[in-house]
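Please open the model in a viewer and keep the selection panel at hand.

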Amino acid sequence: MLEVRDLRVCYGAAPALWGVSLAIHAGELVCVVGPNGAGKTTLINAVAGLQPSSAGRLTMDGRDMTAVAPHRFCSTGIAIVPEGRRLFTRMTVRENLEVGSYLRAARKERARSLEYVCTLFPPVRDKLNMAAGSLSGGQQQMVAIGRALMARPRLLLLDEPSLGLSPAMVLVMFRAICEVHAAGTAVLLVEQNVAMALDIADRAYLLEEGRIVAEGAPDDVFNSPDLRRAYLGIVAEK
Amino acid sequence: MSGVFIGSLYGLLGLGIGLSWGLLHIINLAHFGFAFLAAYLCYQLASVGGMDPLLTLALIIPLFFLLGVAVQWLLARFAVTPLNSLLATFGLTAIIEAGIQAGWTADFRKLESVYAGQKFRIGELFIPVPELLTLSLALALSFGIWAAMRYTDLGRAMRALAEDAPVAAAFGINRRAHGLMLAGICGALAGVAGVCLALSFTLTPSQIYAWVGVVFAAVMLGGLGSALGPLTAGIVIGVSEAVTMAFTSPSWAPIVSFTLLIALLLLRPGRT
Amino acid sequence: MALGVVPFLHLPAFYESFLYLVLHWIVLATSWNILSGYSGYFSFGHGAFYGTGVYTTAVLAGKYDVPFLWTLPAAALLAALIGVAIGAVVFRVRSVRGEVFALLTLAVTFVLATIVLNTPIDGGPGIYLSAVSVPALAPTASGTFYVMALILAVVTLMIARWIPQARLGVGLFAIHDDEDAAEVMGVPTYRYKLVALGISCALAGVAGGIQALFVSYVTANSTFNITVPLTVILMSVLGGTRHWAGPALGATAITLLLYASTAADQPVAGKAVSGAILLAAVLFMPNGILELLRAKFARHRLPIAMPSMPAAPQATMPASRINAGATSVTSNPQVSLGQGSAASPELPMANADQQIPAIVHVGAVLLTVRALRKSFKGVHALDGVDLDVHAGEILGLIGPNGSGKSTLINVVSGHYRADSGSVRFLGHELADLPAHRIAGAGIARTYQVPRPFPHLTVRDNVALTAMFGPARLVRSAADKVAMQWLAFTGLRSRADEMPTDLNLHQTKFLELARALASRPRLLMLDEVLSGLTPAEIDEAVALILRIRDQGTTIILVEHVMRVVTALSDRVVVLDQGRVLAHGKVSDIMARNDVAIAYLGVPHA
């Protein structure tokens, strides 16, 4: 469904991605792990259209997205849960969710999508009329995921959904992600909680210093010496 | 009572300024220039052309919508910062002022409309019709825009864009088109405010700047990007000015709004 | 000065008056620029300070018969006092920047106008000064005004020209570019803004005083209006706000334009044209005429000048370059320390400067952090951190994303204020000091995302910390030191370029050179290596080791683990705002809880 080929992204003169290639098939849960500063957020933002790329190709269903305006990405079925959630804090929870379903196709399904989100995250239902900025971190993350789901995406992009959350709340997020995935939505997950992310993924990529250094089945990536070296700086003896 | 009326005019002028500042990050000084241009147009059409002043709105609203769009297009093309938008629109205001002066001279102009002498009676109060018109237009527009911001997808999209444009775009909202649209609405609001000005005030080009301070005070007091805020704040300021005038000399009046503005700017927590 | 003989040429009074007006606007625009142009705080309140001058003279000379010339110092003093009083309040509030400052100063103008209008200062009818005698400095009255304005303009321009070369100007330019970073680099931002405002107001006050007599009848409405601030902004923006001569150039051009349009009986057209000029200037050349010319000039000259520079290409001969740098640097501390202790009596720790090598032995505790807490919106970024940094070590500070590493650096450097806890450096409590005092005490840092001052050259960026850090060098010495550190980091050939011309690797090294030029005792490196290529990383590692060898203690925040392993004597692992572990790298990374912090727990 989504194909990224030799993607290069630069901030000013500084390259953040040095030619990354990856593919996501319909309904697949793909996980990208890697230490901080490896370029994970840059990658996911480029896929969402938030970050223009400087070279390479990005195709969705065979359609070239490289020169497409940022606001057209959503209509191809891509929705993002950005790093740090980035809710519209001065708007209510309900309004945030409604902005998620801004496009015509999603708007038609709005009532049903809202019900789905509230079922997925029951605490959201009680907070619909509260300002999004007043929620706790975990609840905000729920709204951020909910907002993306309101767009009825075929590919959900998740950037560090567990960041800053308590272990119990992290578990809630991962259960929800599994449920969304089980319902048939493809997911691209960028995570710092490597073990948990690899546990639920179908396939995984390891990103280090702007390059893909390993890819394949989650277990293989988890046990690869590359991962230990990238994160811990040492080759762990097995 | 006259405080309420003048306050509603502050609010009406502030509505467009506040929306533009809060949602587009453009501090549009030319809003005042537009309002005066509209006032003069209204004067021209009504006094010379013999049109009903209210009917001129049908012409003025679309015209100033387009003007607003044009200015926004220019400013967005050069991606100006808020501070530079203030400077650039000041330049624009000077051009408009000169244009008005060239077209209508610097003499005082007063629209003598059918509404001028009419009074509307509520119990023991007699309210001049132009004041009543201004008040009701300000109320209707403020509440209308408030409702649109809250209950329509368009309004919510505008607010989302103002807070985090990239994320809003990721959900399919076209930043450029919405910016032009909102600027057009602000332009149209300036047009309406101009007609209200023409109905009640004697016009002269240099008066453009007389409104700047107090209207900005209303905008800051009411909250940037808020639809009801400027009107509420405008009326508060208008009434407090009227009260100040009643107790001291009229010339003390500005101190209320400006002291309020200073206090607000200093105490306002957080960012712009 | 050829201009000085003008009054004795017996020109028609008309010309002298016109020249007076040009000079008058030059003074107003240039004085405005001293605060607003240099530091970026655009004031819309210049009319208030000008008006203070107008009314000081009008009241003293018109109502109390004080000789006119005596009223001018009073005008300057009162305008400066009012300005500084306002600044003392306004500059304390962090959110008052940019457009908020502009509106606030505008509001001040109207408040002042209302007070003047409604109190016996004016009272409403205005003040006549026609009875005040004009001092005879020239054969005619208009000649006298010309001479007074000329003297004032020369003084103003000299001040405006002196400031950018002085410590004050360098600080103001840094405030313009990035005020928070400037403070962290040691610039006393609050004090500098006040001083600039005071100078600016005093000059405007004198100009107002002269103008009061020139027009001989003053009213509140014609004095305190929006035209004065907007005209001076127009003039300065047009001419260029970063150069001392820019506002003068703009003032001359605009006054000529308005004069020409009045003479041609087209004052309205003149107003429209000046409006159009402002619009066009903001959109097409936001840096003003002078910058535009300078850029053109520089482009023509550059190809010729380049080859004559001692070019030291990046990748070649690094060894010899670093050696050369190192020798020059070792001779450097004596210079800086000697001058530092003499020049900075106000710094509490200045004396320690000379004594560090003696009292702080390698291995002794340099920095002590105890129970440090900092929360953002209920998230505990630092949740009771305790750690010690020993003199002479490289301490690796690591931990997963969001564990509080950058927050710790930001709190220690004074960028953020801690909620509670203590940070002691050489036995002195830092937690409540403003950031520039912390820099002065000998703590320097780099930013994770480099924050060079974009409008200062590479050399000036580095010289800035040499001037404002603990060394407190004078400008010329700082320039020399800056070149040594640029040589040390391999940027010598780029000294006269702007930071925006550098690539990421060079920008990071610029950050490093900038931090080093202050001769810090403690250097905090916040991810200096992220985004670099492996070859660049190796180069940087060698550089960091060299820095430590010169006696600087280093806290290293880093994610590239092989670097942490290669460099750190000790590591501290932060997790969720607390210290999870500390000790030797190999021991720490083998621990299970550290691995879990990094890799997470598998789904149970």
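Begin by selecting Ala513(C): setting aside residues up to four places away in sequence, Ala513(C) touches Val462(C), Trp485(C), Leu486(C), Phe488(C), Thr489(C) and Leu491(C). Contact here requires C-beta atoms, placed from the backbone, to lie within 7 Å. The model is predicted: local features need pLDDT of at least 70, side-chain atom pairs count only at pLDDT 80 or more, and totals for chains, interfaces and linings use all residues. Residues are numbered from 1 along each chain as its sequence is written, while chains are lettered from A and ligands numbered from 1 in the order in which they are written.

Next, select helix α17 (residues 458-468) and helix α19 (residues 504-516) of chain C, which pack at an angle of about 30° with their axes 7 Å apart. That angle makes α17(C) roughly parallel to α19(C), a term for angles under 35 degrees. The axes are lines fitted to C-alpha atoms over the stretch in contact, and angles run from 0 to 180 degrees between N-to-C directions. From α17(C), Val458(C), Asn461(C), Val462(C) and Thr465(C) meet Leu510(C), Ala513(C), Arg514(C) and Ala515(C) of α19(C). By class, this contact has five nonpolar, two polar and one charged residues. Nonpolar means Ala, Val, Leu, Ile, Met, Phe, Trp, Tyr, Cys and Pro; charged means Asp, Glu, Lys and Arg; the others, Gly among them, are polar.

Now display the whole of chain C, with its 23 helices and 12 strands. These are DSSP runs numbered from the N terminus, helices being H or I of at least four residues and strands E of at least two. Of its 604 residues, 54% count as buried, that is, with 20 or more other C-beta atoms within 10 Å of their own.

Which residues have the most contacts inside the largest nonpolar core? They are Val47(A), Leu157(A), Ala38(B), Ala39(B), Cys42(B), Ala149(C) and Ala513(C), in a core of 386 residues. Such a core is a set of buried Ala, Val, Leu, Ile, Met, Phe, Trp, Tyr and Cys residues joined through C-beta atoms within 7 Å.

Turn to chains B and C, where 38 residues of chain B are in contact with 35 residues of chain C. On the chain B side, α4 (82-104), α9 (212-222) and α11 (254-267) each give two or more residues, and α4(B) supplies the largest share, 16 residues.

Finally, colour chain B by pLDDT, the predictor's confidence in each residue from 0 to 100. Its mean is 87.

Note on methods. A residue is buried if 20 or more other C-beta atoms lie within 10 Å of its own, exposed if 12 or fewer, and partly exposed in between; C-beta atoms are placed from the backbone. Two residues are in contact if their C-beta atoms, placed from the backbone, lie within 7 Å. Angles under 35 degrees count as roughly parallel, over 145 as roughly antiparallel, 65 to 115 as roughly perpendicular and the rest as oblique.
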